[in-house]
Amino acid sequence: MEKASISQKIFIIVLSGSFVGSLFVGGLVYFMLASSNVQGALSKSILAVIISQIMFLIPVFGIKKIIDDKIVSKLKTVANGMHEVSMGNLDYQIHIEKTGDELEELAESFDRMRMSIKAIMEKLEKGEL
């Protein structure tokens, strides 16, 4: 079973909040209109819930896609590289696009560490250490 990513957990929290918020909007619409026409107020409040949920979900899905593409995929690349090196594959290199952000810096730092470990291992094998 695959573990839920951070972006999936955040997405669930945001969806829960949007659902509660849309119910709040629907409740306000209902109470504002209930004095004049109860049946019409109920249908309009349900419509308000549906519309507010749709209006919220479209940008949330877009933001989740951007986060997955720009952040989570880079973290998975670095995690995969760490796994490979931990299994003894000291020739494995992490390839992340140059963006100048902290994730690129993390990948570069990890690659420097991998090269240092490889150099130390080669010296140990040659008996230089």
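In this predicted model, the side chain of aspartate 111 forms a polar contact with the side chain of arginine 114, at 2.9 Å. Aspartate 111 belongs to helix α3, which covers residues 102-126. With a relative accessible area of 16%, aspartate 111 falls under the 20% limit and so counts as buried. Leaving aside residues up to four places away in sequence, aspartate 111 touches Tyr92, Gln93 and Ile94.

Arginine 114, the polar partner of aspartate 111, also takes part in the contact between α2 and α3. The axes of these two helices come within 10 Å and cross at roughly 10°. Because that angle is under 35 degrees, α2 and α3 are classed as roughly parallel to each other. On the α2 side, the contact is made by Lys70, Ile71, Lys74, Leu75, Val78, Gly81, Met82 and Val85. The α3 side contributes Leu103, Leu106, Ala107, Phe110 and Arg114. Sorted by class, the contact of α2 with α3 holds nine nonpolar residues, one polar residue and three charged residues.

A relative accessible area of 65% lies over the 50% limit, so histidine 95 is exposed. Along the chain, histidine 95 and lysine 44 are 51 residues apart, and their C-alpha atoms are separated by 53 Å.

Turning to the other helix pair, α1 spans residues 6-33 and α2 spans residues 38-86. Their axes come within 8 Å and cross at roughly 160°. This angle is over 145 degrees, and α1 and α2 are therefore roughly antiparallel to each other. The crossing of α1 and α2 is right-handed. By class, 20 nonpolar, eight polar and three charged residues make up the contact of α1 with α2.

Serine 22 sits in helix α1. Its relative accessible area is 3%, which is under 20%, so serine 22 is buried. Beyond residues up to four places away in sequence, serine 22 touches Val49, Ser52 and Gln53. Aspartate 69, in turn, is found in helix α2. The relative accessible area of aspartate 69 is 42%, between the 20% and 50% limits, and aspartate 69 therefore counts as partly exposed. Aspartate 69 lies 48 residues from glycine 21 in sequence, and the two are 28 Å apart in space, C-alpha to C-alpha.

How values were computed:
Residues numbered from 1 in each chain as written. Predicted model: local features only at pLDDT ≥ 70, side-chain atom pairs only at ≥ 80, totals over all residues. Heavy atoms only, no water. Helix = DSSP H or I, 4+ residues; strand = E, 2+ residues; numbered from the N terminus. Buried < 20%, exposed > 50% of the residue type's maximum accessible area, 1.4 Å probe, protein only. Polar contact = N/O pair within 3.5 Å; in protein donor to acceptor, adjacent residues only side chain to side chain. Contact = heavy atoms within 4.5 Å. Axes fitted to C-alpha atoms, helices over the stretch in contact; angles between N-to-C directions. Parallel < 35°, antiparallel > 145°, perpendicular 65-115°, else oblique. Left-handed = near helix turned anticlockwise from the far one by under 90°. Nonpolar A, V, L, I, M, F, W, Y, C, P; charged D, E, K, R; others polar.
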